[in-house]
Amino acid sequence: MNRRQFSFSLAGLLASSAMAHAAGGVFLDYSQEMLDQAYDQREWAANANQVIARYATDSAAVRKQFPPRTERYGASEAETLDIFAPEGAKGLPVMVFIHGGAWRGLQKEDASAPAPTFIQNGCLYVALNFANIPAVTLPEMAAQCRRALLWLHANVARFGGDPERIFVSGHSSGGHLCAVMLTTDWRALGGPQDLIKGGVAMSGMYELYPVLLSSRSSYVKLAPADVVALSPLRQLAHMTCPVIVVSGDKESPEFQRQANEFATVLAGMGKLAGRFTLFNRNHFEVPEALNSPNGPLSQAVLAMMGAGRR
């Protein structure tokens, strides 16, 4: 399926949803209760609290072993990032990670655990921080992430990174923001259109229309134009790089459907670098796959970055 074919498919999907709504449903075959559950990953992961706590403890251990350098990329207190670099770094590829948290939780300190996978294989790892809802709106969150990428392109060489080899990854709401970065018109913001050389979109949402029909609409408030602008599947004209799409086989059907649709369209565009469905992993466990440098996902990501053990 190429981008033109997908535009017709998306139109059909939205029309079918409208008919379902008129018939008493909400989206596809979902009732309101079912759709709310489909976009609430805690319904599908009994160990959610334990895994989220593990993000913090694992990250704290990494930060103690490999103290990062914290830099400010924007004017607000939240606009900071942590740079993890191997000793003597110079001209190395850069992986930027955008944390999840349903657009309203977590921070960069919860996203340090994958750093050793990258710094021990000749890369920089950057954990990105930004303000969450309700302190800012979702469009401002995306704007902050874009400012961070532009700042890195201008400054990462000072920390041993190669500005021409910047890659972006993210999980959950961070997977959505990762895909927004991948479908950004960077020229309009003063950067090169190929600012990002590859992406790793994990357990994200790539079309916001059904998301905003769910209970998430109670705190994510978007104008219709913002729904379009922040739905990566509607902004594919700006996609320039290969993308690895990742999900867990224990995730909700809607998250799996979104991942499959994004991967299918990318494959039709010749931009799909890999499709990983992680066995026996729920939504919250998916990003932990990057903590293991020898795992298949990490190896595929490092290969995309042109990196590996030295």
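Me: Which residue stands opposite Phe167 in β5?

Reply: Met95 stands opposite Phe167 in β5, where strands are DSSP runs of E of at least two residues and helices runs of H or I of at least four, numbered from the N terminus. This is a predicted model, in which local features need pLDDT of at least 70 and side-chain atom pairs count only at pLDDT 80 or more, while totals for chains, interfaces and linings use all residues. Residues are numbered from 1 along each chain as its sequence is written, and side-chain values use heavy atoms, without hydrogens and water.

Me: In which sense do β3 and β5 pair, and which residue is the bridge partner of Phe167 in β6?

Reply: Strands pair if DSSP finds at least two bridges between them; here β3 (residues 92–98) and β5 pair in the parallel sense over six bridges, and β5 pairs with β6 (residues 196–202), also parallel, over six bridges. In β6, Gly198 is the bridge partner of Phe167, and the chain passes from β5 to β6 through helix α6 (residues 173–182) in a right-handed β-α-β crossover (clockwise from the first strand over the helix to the second, with the strands pointing away from the viewer).

Me: Why is β5 largely enclosed by the rest of the structure?

Reply: Buried means under 20% relative accessible area, exposed over 50% and partly exposed in between, with a 1.4 Å probe and protein chains only; nine of the eleven residues of β5 (residues 161–171) are buried, so the strand is largely enclosed.

Me: Which residues do ring pairs link into a cluster?

Reply: Ring pairs link Phe84, Phe97, Phe118 and Tyr125.

Conventions
Phe/Tyr/Trp six-rings, centres within 6.5 Å; stacked < 30°, edge-to-face > 60°.
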